[in-house]
Amino acid sequence: MKGFAMLGIGKIGWIEKEEPELGPLDALVKPIALAPCTSDIHTVWEGAIGDRHNMILGHEAAGEVYKVGELVKDFKVGDRVLVPAITPDWSSLASQAGFPMHSGEMLGGWKFSNFKDGVFSEYFHVNDADGNLALIPEGVDPVLAPMLSDMVTTGFHGVELADVQFGDEVLVIGIGPVGLMAVAGCNLRGASKIYAVGTRPKCIEAAKFYGATDIINYKNGSISEQVLELTNGKGVDRVVIAGGTVDTFEEAVKALRPGGKIGNVNYLGGGDYIKIPRVEWGVGMGHKIIAGGLTPGGRLRMEKLAKLVSCGKLDISKLVTHKFNGFDKVEDALLLMKEKPKDLIKPVVIVAEDLMEK
Ligand code: NDP
Ligand code: ZN
């Protein structure tokens, strides 16, 4: 089978591989729609998770079940499914402890394009199919469905980590697709003011659509100073970090009120340490909690998030700005993601012929 792979740090290309082996609980899925992710860019061009050779990329997909293991109960060949980017081993102790994303080892639920081949492939392997796949419900456009794999669940996880409550003033740093879904998540959770940080006009327009009340341009000076000015020196109740660098934590801590929480979902591609300013962190006693997490994956989460879309509470169509027809366009879509032109939020590659736009 053919797949689009990371050949080594900074190198990509098409490769041929054997079809993956199917265990009794597993499924093989063929993609119907795919999306590249900023994480693929960190992985290939920053070497953020170390070197990988001939590893097929991609972890955002909707697909059609092609084969199922003999113990898979709920899915059959031909079912069209949502595929989460994170596919935990649900019987692991980490899952039982409430952290499925770390099943096996830290970040162990992140298998696709991390330590096994990803979804930019003619067929890809899904472990624990009953626990990880979800049927695409009526009312969810299969072409947009890959947005649920990672963008929606990750943006929302930032909101969960920051523990956003009714009426909270929230700072969302980064309004790429992940940050946009964090804005949408804050809005659904009843935030009052949502200060969103970014510069690309397309993303700013979408941030306003999803509920941002104020836009902050990080190129116009310190984010925290701008936030303190907008909040009469008080700062915000919560911060979600979905963009920036290791230095962004300093801004987040400075912008946060005592008792507040920071939820980071940004994938830190470089730098050895995260900076926490001593004084603004209350000289160690400010009750400013910093949490960082990989998004949870799995079937139940996919089903619940999809329900928000199918019942009209979450519009994911605003995330997709570019559509490509045909599996071989994966390369173009990934390179577009790397280049990040101003009008890009997220590209989708339509693989199934019946979904292609004429
Ligand atoms: P994008 O690159 O599309 O968006 C990044 C955002 O951050 C943009 O709005 C950008 O602004 C802004 N930004 C850039 N530099 C700074 C800075 N110095 N200070 C403040 N804001 C800045 O990324 P995505 O939305 O696709 O992904 C966001 C992050 O989430 C990535 O690191 C990705 O790898 C990670 N991720 C994490 C996952 C998890 O499970 N935890 C899963 C999926 C993704 P501008 O408008 O100027 O471009
Ligand atoms: Zn992703």
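This briefing describes a metal site, a ligand shell and a few individual residues in the structure shown above. The model is predicted, so local features need pLDDT of at least 70 and side-chain atom pairs count only at pLDDT 80 or more, while totals for chains, interfaces and linings use all residues. Residues are numbered from 1 along each chain as its sequence is written, chains are lettered from A and ligands numbered from 1 in the order in which they are written, and side-chain values use heavy atoms, with hydrogens and water left out.

**The zinc ion (ligand 2)**

- Cys37 (SG), His59 (NE2), Glu60 (OE) and Asp150 (OD) coordinate the zinc ion (ligand 2) at 1.8 to 2.3 Å, where donors are N, O and S atoms within 2.8 Å of the metal (3.2 Å for Na, K and Ca), and sites may look incomplete because water is not among the atoms.
- The arrangement is tetrahedral because the four donor atoms around the zinc ion (ligand 2) subtend angles of 91 to 132°, and four donors count as tetrahedral if all angles lie between 85 and 135 degrees.
- Along the chain, the donors of the zinc ion (ligand 2) follow the spacing C-x21-H-E-x89-D.
- Cys37 lies in the loop between β3 (27-35) and α1 (38-45), and Glu60 in strand β5 (residues 60-68), so the pair ties together parts that are 23 residues apart in sequence; helices (H or I, at least four residues) and strands (E, at least two) are DSSP runs, numbered from the N terminus.
- Cys37 and Glu60 are both buried, where buried means under 20% relative accessible area, exposed over 50%, and partly exposed in between (1.4 Å probe, protein chains only).

**The surroundings of ligand 1**

- Ligand 1 is surrounded by 27 residues, the closest being Thr38, Thr199, Tyr218, Asn266 and Lys340, and a residue is near a molecule if one of its heavy atoms lies within 4 Å of it.
- A polar side-chain atom of Lys340 lies 2.8 Å from an oxygen atom of ligand 1, and a polar backbone atom of Arg200 is 2.9 Å from an oxygen atom of ligand 1; a polar contact is a pair of N or O atoms within 3.5 Å.
- A nitrogen atom of ligand 1 lies 3.3 Å from a backbone N or O atom of Gly293.
- Taken alone, ligand 1 exposes 940 Å², and the protein buries 86% of that, with accessible areas coming from the Shrake-Rupley method with a 1.4 Å probe.
- The elements that give two or more residues to the shell around ligand 1 are α1, α4 (146-162) and α5 (177-188), and α1 gives the most, with three residues.

**Individual residues**

- Asn132 lies in helix α3 (residues 129-132) and is buried, with a relative accessible area of 0%, while the side chain of Asn132 reaches the backbone oxygen of Pro88 at 3.1 Å.
- Gly292, found in strand β14 (residues 289-292), is exposed, with a relative accessible area of 62%.
- The C-alpha atoms of Gly292 and Ile262 are separated by 8.0 Å, although these residues are 30 residues apart along the chain.
- Asn54, in the loop between α1 and β4 (55-56), has a phi near 55°, a positive value in a residue other than glycine, and Asn54 is partly exposed, with a relative accessible area of 37%.
- Val283, in the loop between β13 (256-264) and β14, has a phi near 40°, a positive value in a residue other than glycine, and Val283 is partly exposed at a relative accessible area of 47%.

Terms used. Four donors count as tetrahedral if all angles lie between 85 and 135 degrees; four count as square planar and six as octahedral if opposite donors are over 155 degrees apart and all others between 65 and 115; anything else is irregular. A polar contact is a pair of N or O atoms within 3.5 Å; within protein, one must be able to donate a hydrogen and the other to accept it, and residues adjacent in sequence count only if both atoms are side-chain atoms.
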